[in-house]
Amino acid sequence: MKNPKNYLKHAPAALCLALLCMLAAFPARQALAYFTTYATAAGSAPFYMRSVETEIDEAFYDMTKDIQVVNTGEEAAYVRVRVYAGSAFSIDYTPGGNWRQEGGYWHYDLVLQPGERTTSLKAKIALPDGANSEDGIAVETFDVIVISEFVPASYDANGQPYADWDLRAPDYAKKGGAA
Amino acid sequence: MMKNKIKIPAWALTAACAAGLLLAAYGTIGTTRAALTYYSENYVTQLTTHRIGTTLLENGEAAGVRDYSGDGDAWTEASEPLLSGLELPNGRMEPGKTYPVDLAARNSGNIDTYVRAVVTKYWSDGNGNKIRSMDPGSIALSMPAGSGWTKDPSASTDEREILYYGKILPVDGTTPAFIDGIGVSGAVASDVTVETSQDGSVITTTTVWAADGAYVTLECEIDAVQTHSAAKAIKSAWGVDVNIGPDGSLGLGKGAASNG
């Protein structure tokens, strides 16, 4: 039979251990006592692109290119046009409404909705002085190249459309026609 | 043979008897008092339970709720899909446009709180699967200036923003909107794959936008913490250091930028 005094020897250690356990429990209880909560929600909205395409609709008469651009795609777009000819030829422009010349391009300032077209931009080609004369340059044929570029319309914070000509995409190729 | 005897001193026996008498006397008095209260008038008592609660509002309507019910570990919870009320004229979001959606927080408990918002945005396939190859930075969130919400730049990524409301949100109070619009940058049109095929003299070029058919996905969480011992509570719950001003204003540690 074991002596009861042996148990009493361990009593102080057991009391200390119990006290430590109690002390350790207090900070944990405090940390859990803060009132917190959270509320969550999630959702999605569909997004997809539609084609952005334009075509040049042009006529040539009286040494004049009569140029219009048509939005044949499914997105609103902005367009601009540039006309090239040989250095010996000069080009005299007669813009319709909303055309503005800047940086070598003629910008059409209105957004083109699908199916809409620009007003006319007329580019009259002038032959060099004395062309086809005995002493001058013989001109039988010449090329005038019209290039039209477009970007899909961007929108500002107020929902107003604007043209961001820094947008780049490989398929937003320059579209042109030649006569 | 010696026997082990434990000798109990006389004074200890006396003290034990005295203690027994005192306990017996106290018990009698207690019983007597209990009998007296039987005839006393009825008293009306009211127990007030602290109930914390928070609600995420989308355009003024509750989109997410989690309120303590005051009964054990029971909570009142609800969650509605976000962005379902977006006005999409063509049934879809279009690049370069911002669509209005107001997200705010409301205190739906019965104690004042500090709140923060964790907003996560990403592209998904419509079945809830995240498209990791697409840049979440092309999803733009509009955060109004002067709203009182402060963005934590140290926690900001292309996919996630954490915003803190700089004031105490009183019971039944609603914050100004921390998000008032969502859109897709027009630059998403640059993220394309071009495939070219040739059939005889005909060359066909097909452009596929990475974002075509994808879904703009938004997750939002409102976290709320008690105002008592707020700095410690916020450190414990959110893991961030904050400064609480004398007027109750909440400020982030160094590096915080305010839009409020």
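1. Two residues are said to be in contact when heavy atoms of theirs lie within 4.5 Å. With that in mind, here is a starting point for this predicted model: 29 residues of chain A are in contact with 62 residues of chain B.

2. The size of an interface is often given as the accessible area lost when the parts come together. Between chain A and chain B, about 3,700 Å² is buried, and carbon and sulfur atoms give 59% of that area. Three residues to look up are F35(A), T37(A) and F47(A): together they supply 21% of the area that chain A buries against chain B, more than any other three residues.

3. The largest share, 11 residues, comes from β1(A). Sorted by class, this side of chain A has 19 nonpolar, 6 polar and 4 charged residues.

4. Now follow β1(A) across to the other chain. Which strand of chain B is joined to β1(A) by bridges? The partner is β12 (residues 215-226) of chain B; 11 bridges join the two strands, which run antiparallel.

5. Charges come next. Side chains of opposite charge can pair when their charged atoms come close. Across the interface of chain A and chain B the rule finds 1 salt bridge. This pairing is between R92(B) and E75(A), with the closest N and O atoms 3.2 Å apart.

6. The whole structure, searched over all chains, has 12 salt bridges. One to visit within chain A joins the side chains of D57(A) and R117(A), at 2.8 Å from N to O. D57(A) belongs to strand β2 of chain A, while R117(A) sits in the loop between β7 (105-108) and β8 of chain A, so this pair ties together parts that are 60 residues apart in sequence.

7. Chain A also has an open sheet of 4 strands, in the order β2-β3-β8-β5, with antiparallel pairing. Its edge strands are β2 (54-61) and β5 (90-95) of chain A, each of which pairs on one side only. On average, neighbouring strands of this sheet are turned by 25 degrees against each other, direction ignored. Inside the sheet, β3 (residues 64-71) and β8 (residues 121-126) of chain A pair in the antiparallel sense over 4 bridges. There, T64(A) has K124(A) as its bridge partner in β8(A).

8. Finally, turn to chain B, where 6 strands form an open sheet in the order β3-β2-β1-β4-β9-β6, again with antiparallel pairing. Why is one side of β3 (75-79) and of β6 (139-142) of chain B left without a neighbour in the sheet? Both strands stand at the edges and each has a single partner strand, so one side of each has no neighbour there. The twist averages 20 degrees from one strand to the next. Within this sheet, β1 (residues 53-58) and β2 (residues 61-68) of chain B pair in the antiparallel sense over 6 bridges. A pairing to look for is L56(B) with its bridge partner G64(B) in β2(B).

Conventions. Residues are numbered from 1 along each chain as its sequence is written. Chains are lettered from A and ligands numbered from 1 in the order in which they are written. This is a predicted model: local features need pLDDT of at least 70, side-chain atom pairs count only at pLDDT 80 or more; totals for chains, interfaces and linings use all residues. Side-chain values use heavy atoms; hydrogens and water are left out. Buried area is the accessible area (1.4 Å probe) that two parts lose on being put together, summed over both. A salt bridge is a side-chain nitrogen of Lys or Arg within 4 Å of a carboxyl oxygen of Asp or Glu. Ala, Val, Leu, Ile, Met, Phe, Trp, Tyr, Cys and Pro count as nonpolar, Asp, Glu, Lys and Arg as charged, and the others, Gly among them, as polar. Two strands pair if DSSP finds at least two bridges between them. Axes are lines fitted to C-alpha atoms, for helices over the stretch in contact, and angles run from 0 to 180 degrees between N-to-C directions.
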